[in-house]
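Thanks for coming. I will walk through a few local features of one structure, so please have the sequence and the 3D view open.

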Amino acid sequence: MNHVRVKALKGNGKTVSKKAIKSGRASGNITPRSSPLPSLLASPTHSAAHSRVTSDVSDDDGEFELDDNASSIYSGGSLDDATDEPDTLVFDTRALIDGLQDRKHNNSEMREYFLGVFIKTVRNHYSADTHLWLDDASGELAELFLHDSNRAATAKERLLSLQAFCLTVGTVGSLEIFDGAQKILKQIMMDDDDDDCRVFAIYALCMTVLYAGGLEEAALEVMEFLVEIVRTDGEHVEAHDNAVIVAAALQGWCFVASHVADFSDYADIAMDAFVDQLDSDDIEVQSNAGGCVALIFEASRNHIEETGEPFQLQYDPQRLAGRMSELARLSAKSVSRKHRRSLRENLLSVVTSLERGVGPFYSTALYIPEKGEHVPVAQRTDDGQAEYGYRCKLRLGSHVAKIDTWSLYFRANLMRVIFKAGLQHHVLVNPVVVECLEDAHFVQDYSPVQRATKGRRK
């Protein structure tokens, strides 16, 4: 599954849209590039860390990847590195705030640099000490990042501001800013002329309602807002027939829904929108819509266990499974073979989930267990044969957690989008990430990840 596409666009030479002029974004890149560079990293524990972070502030720091051979959500590095805290840095938040606000002396390129250093530091050098310099300044930083994500002159600066905002929300966890933030983020979805910024605004809205002051009622309202984007093919945010925006809304809906205790009253209307999108011409929209359907039926099964009552849905899971099996066979010929295979695997994963009541990427292939190997009852057929079971794993270095629910799958996916390869430094110690992935049970696994055979399943 493709996640948010980060292009790092430059502002020079780019045509300014009417929306940008209206919102004030046309006023940016006019200051000299010879501005003095403040030192943002004030007191690194290890001197080598300073040069490593500040010498690379681009956004391509080791994207996570879906290793299809092991069905793993993979990140380089190890959790041992995260817990040992090798590079604890003290960041000068005052210098960052002053640098971003001083538009007279710092042009867009310089501000992009400042934002990049902040993002790298929070992502890749997180420790308990991070809260000593971040928490007190977090309110002012969040407000500044939000303002710049809506008003900065270049798409790259706006995108970096949104990423910095999400990292702040996802690291501090005590902000109470949802009411004001949602207005700005929805405005970005409506007004921005860059799809990457609009997509990240959707993810930022989801993070904010859950971890920056939104109550469950607000989370349900955000879910309704996202369903409306899906139902109208993006028209609800003036992005008609924009598959990138619809796919992001689907993923965002799943992320929020996986945190909500009970959305039974909203499930049937949402299901209508998701089932319609199964016929989309875009494979990411189709795949995400299938995942949404699977998540709703998973939530319904959980609701039965807790209350004795299922969701009141007008859809039969077996009929939907048959429809998606047919869609998997008729994958669009206009897309690449790799993308057709990805769509087929995603849809068949949903089919298995609907037919068997299991989570994502459950393999029904049979195998002979090793002597003494314990195979759970749920992973055996009626005649006692062992199935491979769950093949999707969140792999972080030598630690791995099985992804056995759609709820965990979508939460892990968005954490990967926000923290990228730095997730390994947060997953066991950042309170927000720990809470988000509380049902991910990590164990040590030193098996080599066969990345050379990526894309091939056993």
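One term before we start: a residue is called buried if its relative accessible area is under 20%, exposed if it is over 50%, and partly exposed in between. Also keep in mind that this is a predicted model.

With that cut-off, take tyrosine 409. Its relative accessible area is 4%, so tyrosine 409 is buried. Phenylalanine 410 is buried too, because its relative accessibility is 1%.

Now to the aromatic rings. A pair of such rings is described by two things, the distance of the centres and the angle of the planes. In this model the count of aromatic pairs is 13. One of them is made by phenylalanine 263 and phenylalanine 311, with 5.4 Å from centre to centre and 70 degrees between the planes, which is an edge-to-face arrangement. Where in the chain do these two phenylalanines sit? Phenylalanine 263 lies in the loop between helix H12, residues 243-257, and helix H13, residues 264-277. Phenylalanine 311 lies in the loop between H14 and helix H15, residues 317-329. They are 48 residues apart, and the pair links distant parts of the chain. Both phenylalanine 263 and phenylalanine 311 are buried.

The two residues I began with, tyrosine 409 and phenylalanine 410, also form an edge-to-face pair, at 5.3 Å between centres and 80 degrees between planes. Elsewhere, Phe91, Phe118, Trp133 and Phe145 make up one aromatic cluster.

Next, the backbone. Which value does phi take at glutamate 238? Phi there is near 55 degrees, which is positive, and the residue is not a glycine. Glutamate 238 belongs to the loop between helix H11, residues 216-231, and H12. Its relative accessibility is 44%, so glutamate 238 counts as partly exposed.

Lysine 420 also has a positive phi without being a glycine, about 50 degrees in this case. You will find lysine 420 in the loop between helix H17, residues 406-419, and helix H18, residues 431-436. Is lysine 420 buried or exposed? Lysine 420 counts as buried, because its relative accessibility is 3%.

Last, the surface. Glu216, Asp262, Asp265, Glu305 and Glu306 gather there in a patch of negative charge. Take glutamate 305 as one member of that patch. Glutamate 305 is placed in helix H14, residues 283-307. Its relative accessibility is 69%, so glutamate 305 counts as exposed.

That is the end of my tour.

Technical notes. Residues are numbered from 1 along each chain as its sequence is written. This is a predicted model: local features need pLDDT of at least 70, side-chain atom pairs count only at pLDDT 80 or more; totals for chains, interfaces and linings use all residues. Side-chain values use heavy atoms; hydrogens and water are left out. Patches are made of residues with over 30% relative accessible area and no salt bridge: like charges are joined within 9 Å, nonpolar side chains (Val, Leu, Ile, Met, Phe, Trp, Tyr) within 5 Å. Accessible areas come from the Shrake-Rupley method with a 1.4 Å probe; for residues, only the protein chains shown count as cover. A salt bridge is a side-chain nitrogen of Lys or Arg within 4 Å of a carboxyl oxygen of Asp or Glu. Lys and Arg count as positive and Asp and Glu as negative; His and the chain ends are not counted. The place of a charge is taken as NZ of Lys, CZ of Arg, CG of Asp or CD of Glu. Helices (H or I, at least four residues) and strands (E, at least two) are DSSP runs, numbered from the N terminus. Buried means under 20% relative accessible area, exposed over 50%, partly exposed in between (1.4 Å probe, protein chains only). Rings of Phe, Tyr and Trp (its six-membered ring) pair if their centres lie within 6.5 Å; planes under 30 degrees apart count as stacked, over 60 as edge-to-face and the rest as tilted.
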